[in-house]
Amino acid sequence: MIWPDFLEDDFPLGDGTADTSAQAECPHCGEPVEIAIDPGGGARQEYVEDCPVCCQPWHVRVRYTPDGVAEVQLDPAD
Ligand SMILES: [Zn+2]
C-alpha cells in the first residue's frame with residue numbers, strides 16, 4: 001500500500017489535535033485492538049509491536065492525515 005505524500009509541515013504536532021490511539025484488528029487472531037500512538041514520532045511511523053491478545057508480533061504502520069487523524073495498518077511480522 002502506498003500512501004500519498006502531504007506536507008509534513010502541516011502536521012498538527014503538539015497542539016492536541018493528533019490522535020493518540022487508533023482502532024485496528026490483529027492480523028493473527030482477528031481481535032479488535034486499540035493501538036497507542038505517539039504523535040511526536042512523526043506523521044509516518046513504522047515499528048514492531050506484540051499483540052496484547054495473542055502475543056504475536058505486528059508490523060505496525062501509522063500514517064497521520066493532515067487533520068491529525070491516525071490511520072493504522074497491521075501486518076503479521078516475524
Ligand atoms: Zn492477536
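Mentor: Two strands are said to pair if DSSP finds at least two bridges between them. Please keep in mind that this is a predicted model. Here β4 and β5 pair in the antiparallel sense, over seven bridges.

Trainee: Which residue of β5 is the bridge partner of Arg63, and which is that of Arg61?

Mentor: Arg63 has Glu71 of β5 as its bridge partner, and Arg61 has Gln73. A further bridge links Trp58 to Pro76 in β5.

Trainee: How many bridges join β3 to β4?

Mentor: There are seven bridges between β3 and β4, and the two strands run antiparallel. In this pairing, Arg44 stands opposite Arg63 of β4.

Trainee: How many helices and strands does the whole protein have?

Mentor: The protein has zero helices and five strands. Read from the N terminus, the elements run β-β-β-β-β.

Trainee: How should I read the connections between paired strands?

Mentor: Look at the number of residues between the strands and at the backbone angles in the turn. β4 and β5 form a hairpin with five residues between them. In that turn, Gly68 has a positive phi of about 90°. The hairpin of β3 and β4 has six residues between its strands, and there Cys55 takes a positive phi near 65°. Note that Cys55 has this positive value although it is a residue other than glycine.

Trainee: Is Cys55 buried or exposed?

Mentor: Cys55 counts as exposed because it has 9 C-beta neighbours inside 10 Å. Its place is in the loop between β3 and β4. The C-alpha atoms of Cys55 and His28 are separated by 9.3 Å, while the two residues are 27 apart along the chain.

Trainee: Where is Val69 found, and what does it touch?

Mentor: Val69 is found in the loop between β4 and β5. With 12 other C-beta atoms within 10 Å, Val69 is exposed. Not counting residues up to four places away in sequence, Val69 touches Asp19 and Tyr64. Its C-alpha atom is separated by 8.8 Å from that of Ala22, which is 47 residues away along the chain.

Trainee: Which strand holds Gln23, and with which residues is Gln23 in contact?

Mentor: Gln23 lies in strand β1, residues 21–25. Leaving aside neighbours within four places in sequence, Gln23 is in contact with Pro32 and Glu34. Gln23 is exposed, as 10 other C-beta atoms lie within 10 Å.

Trainee: What may be said of the buried residues and the core?

Mentor: In soluble globular proteins, nonpolar side chains tend to be buried together. In this protein, buried residues make up 12% of the 78 residues. The largest nonpolar core has six residues: Ala18, Ala43, Val62, Tyr64, Ala70 and Val72. β4 (57–64) and β5 (70–76) each supply at least two residues of this core.

Trainee: Which residues does Val72 touch?

Mentor: Val72 touches Ala22, Ala24, Ile35, Val60 and Val62, not counting residues up to four places away in sequence.

Technical notes
Residues numbered from 1 in each chain as written. Predicted model: local features only at pLDDT ≥ 70, side-chain atom pairs only at ≥ 80, totals over all residues. Core = buried A, V, L, I, M, F, W, Y, C linked by C-beta atoms within 7 Å. Buried ≥ 20, exposed ≤ 12 C-beta atoms within 10 Å, placed from the backbone. Helix = DSSP H or I, 4+ residues; strand = E, 2+ residues; numbered from the N terminus. Contact = placed C-beta atoms within 7 Å.
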